[in-house]
Amino acid sequence: QVQFVESGGGSVQPGRSLKLSCAASGNIASVNGMAWYRQAPGDQRLWVATISNSGRTWYGDSVKGRFTISRDNTTNLVYLQMNNLRPGDTAIYYCNSVPSASWGQGTQVTVSS
């Protein structure tokens, strides 16, 4: 089983940046990659980005070119660098493994002027 603790969220103005962190613990060796998801108020949880164990990345269309997913395999940390944030990026952000495990608490990101 793998567990996740997300951090780094906050309230920022449009156009600013944030970097989220995810600390993964447990049976990390069993997963094929890591991913970020987000859930806006009243909406379903949506996929944002994935990074494979080899470092290959994929992004959702709404964040492509603005967000960057990365990982540090020595510390089991996964990051999401978010640039040029928009009000539509407001959500609770979660990380999870591929295949997915239990969800953590997430970290709130609010983008507002």
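Two residues are in contact when they have heavy atoms within 4.5 Å of each other. In this predicted model, 51% of the protein chain's contacts between residues at least 6 apart in sequence join residues at least 24 apart.

**Whole chain**

The protein chain has ten strands and zero helices, and its pattern along the sequence is β-β-β-β-β-β-β-β-β-β. Its radius of gyration is 13 Å, close to the 13 Å that the globule rule gives for 113 residues, so the chain is as compact as a globular protein of that length. The C-alpha trace spans about 40 × 25 × 20 Å along its principal axes. Colour by accessibility next: 42% of the 113 residues count as buried.

**The six-stranded sheet**

Select β2, β10, β9, β4, β5 and β6, which form an open sheet in that order, with mixed pairing. At the edges are β2 (10-12) and β6 (57-59), each of which pairs on one side only. From one strand to the next, the twist averages 25°.

Within this sheet, select residues 33-39 and 45-52. These are β4 and β5, which run antiparallel and are joined by seven bridges. Show side chains for Y37 and W47: Y37 stands opposite W47 in β5.

**The aromatic cluster**

Together Y37, Y94 and W103 form one aromatic cluster, and the structure holds two aromatic pairs. Y37 and W103 make an edge-to-face pair, with 5.0 Å from centre to centre and 85° between the planes. Which parts of the chain does the pair of Y37 and W103 tie together? Y37 lies in strand β4 and W103 in the loop between β9 (91-98) and β10 (107-111), so the pair ties together parts that are 66 residues apart in sequence.

W103 also pairs with Y94: the ring centres are 5.9 Å apart and the planes are at 80°, so this pair is edge-to-face.

Is each of these residues buried or partly exposed? Y37 is buried, because its relative accessible area of 18% falls under the 20% limit. Y94 is buried too, at 8% relative accessibility. W103, with a relative accessible area of 35%, is partly exposed.

For another charge placed over a ring, select K19 and Y79: the charged end of K19 sits over the ring of Y79, 4.6 Å from its centre.

**The cis peptide bond**

Return to the loop between β9 and β10, where P99 is found. The peptide bond that joins V98 and P99 is cis, with omega about -5°.

**Two asparagines with positive phi**

Select N76, in the loop between β7 (67-72) and β8 (77-82). Its phi is near 55°, a positive value in a residue other than glycine. N76 is partly exposed, with a relative accessible area of 30%.

Then move to N84, in the loop between β8 and β9. N84 has a positive phi of about 50° although it is not a glycine. At 42% relative accessibility, N84 counts as partly exposed.

Where does R66 fall, buried or exposed? R66 is buried, because its relative accessible area of 7% is under 20%. Leaving aside neighbours within four places in sequence, R66 is in contact with Q81, M82, N83, N84, L85, R86 and D89.

**Q13**

Finish at Q13, in the loop between β2 and β3 (18-26). Q13 counts as partly exposed at 48% relative accessibility. Beyond its neighbours within four places in sequence, Q13 is in contact with V111 and S112. Draw a distance from Q13 to N84: the two are 71 residues apart in sequence, and their C-alpha atoms are 9.4 Å apart in space.

Terms used:
Residues numbered from 1 in each chain as written. Predicted model: local features only at pLDDT ≥ 70, side-chain atom pairs only at ≥ 80, totals over all residues. Heavy atoms only, no water. Pairing = 2+ DSSP bridges. Helix = DSSP H or I, 4+ residues; strand = E, 2+ residues; numbered from the N terminus. Axes fitted to C-alpha atoms, helices over the stretch in contact; angles between N-to-C directions. Buried < 20%, exposed > 50% of the residue type's maximum accessible area, 1.4 Å probe, protein only. Phe/Tyr/Trp six-rings, centres within 6.5 Å; stacked < 30°, edge-to-face > 60°. Lys NZ or Arg CZ within 6 Å of the ring centre and 35° of its normal. Rg over C-alpha atoms; globule rule 2.2 N^0.38 Å.
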